[in-house]
Amino acid sequence: MIADNLAVIRDSLRRDDVVLIAVTKTQPVSVIREAYAAGLSVLGENRVQEAVEKAADLEDLPLEWHLIGHLQTNKVKQAVALFSLIHSVDSERLAREIDRCAKVIGKIQDVLIQVNVAGEESKSGIEPAQAAELVRLVDSLPNLRLCGMMTIAPLYEDAAQTRPVFREMRSIFEQLREKVADPEAFRWLSMGMTHDYRVAVEEGANMIRIGTGLFGVRTAR
Ligand SMILES: *Cc1c(COP(=O)(O)O)cnc(C)c1O
């Protein structure tokens, strides 16, 4: 069933340069094993503790864990130990703490900067007007590698309404790419979820984060 859902999503993309992150939050380890068997090995989780516990049970599989949810500074140490990419850097304080924890374990931590393009109160992410400053700061921290940007669009009934949000994110991304120290590394634009990934990809996303579309409706969270 996961394999069928995956085939439908891949078909609808009509391109193979988009990384599909299987959002496995709330899903048990058995489902992750099924996802891996279907060809999914990049997983997105939004809670550090939950991901750490599941990863411990899945050490036999070559999985790549991405943190897509908000990160509290007291969870950074655990997060840096597990995640290959943190999508949700949205403050100087958080960036500095990730840099500090990465240094302790001798890691260069790949990160994206999350932007709250639509200015939703309920969402994390830095305001667009402050994005350039945070990009500069992250770029200057020696134990971080700035790999791109991430956004979550508002949940509109009609996914087409997300287009201006994704378009603005793309525009910010392109502008800042001209200013970063390593534009080759700064190449990921993480945007699009189950209901709006088609629009996101049309607007330039090359990482999409899909949960419901692969695994069905979550019962919790
Ligand atoms: C849960 C979540 C997703 C996946 O949402 P679906 O609608 O289930 O595809 C994507 N991105 C983030 C940040 C999430 O928290």
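This is a predicted model: local features need pLDDT of at least 70, side-chain atom pairs count only at pLDDT 80 or more; totals for chains, interfaces and linings use all residues.
Which way do α6 and α7 cross, left-handed or right-handed? Residues are numbered from 1 along each chain as its sequence is written, and side-chain values use heavy atoms, with hydrogens and water left out.

Okay, the helices, which are DSSP runs of H or I with at least four residues, numbered from the N terminus. Helix α6 covers residues 128-140 and helix α7 covers residues 163-177; their axes come within 11 Å and cross at roughly 30°. The axes are lines fitted to C-alpha atoms over the stretch in contact, and angles run from 0 to 180 degrees between N-to-C directions. So α6 is roughly parallel to α7, a label for angles under 35 degrees. And the crossing is right-handed, meaning the near helix is turned clockwise from the far one by less than a right angle.

Who touches whom here? From α6 we have P128, A131, A132 and V135, and from α7 there's E168, I172 and L176, with contact meaning heavy atoms within 4.5 Å. That's six nonpolar, no polar and one charged by class; Ala, Val, Leu, Ile, Met, Phe, Trp, Tyr, Cys and Pro count as nonpolar, Asp, Glu, Lys and Arg as charged, and the others, Gly among them, as polar.

On the α5 side, E92, A95 and R96 meet L134, L137 and V138 of α6. By class, this contact has four nonpolar, no polar and two charged residues.

Definitions and conventions. Helices (H or I, at least four residues) and strands (E, at least two) are DSSP runs, numbered from the N terminus. Angles under 35 degrees count as roughly parallel, over 145 as roughly antiparallel, 65 to 115 as roughly perpendicular and the rest as oblique.
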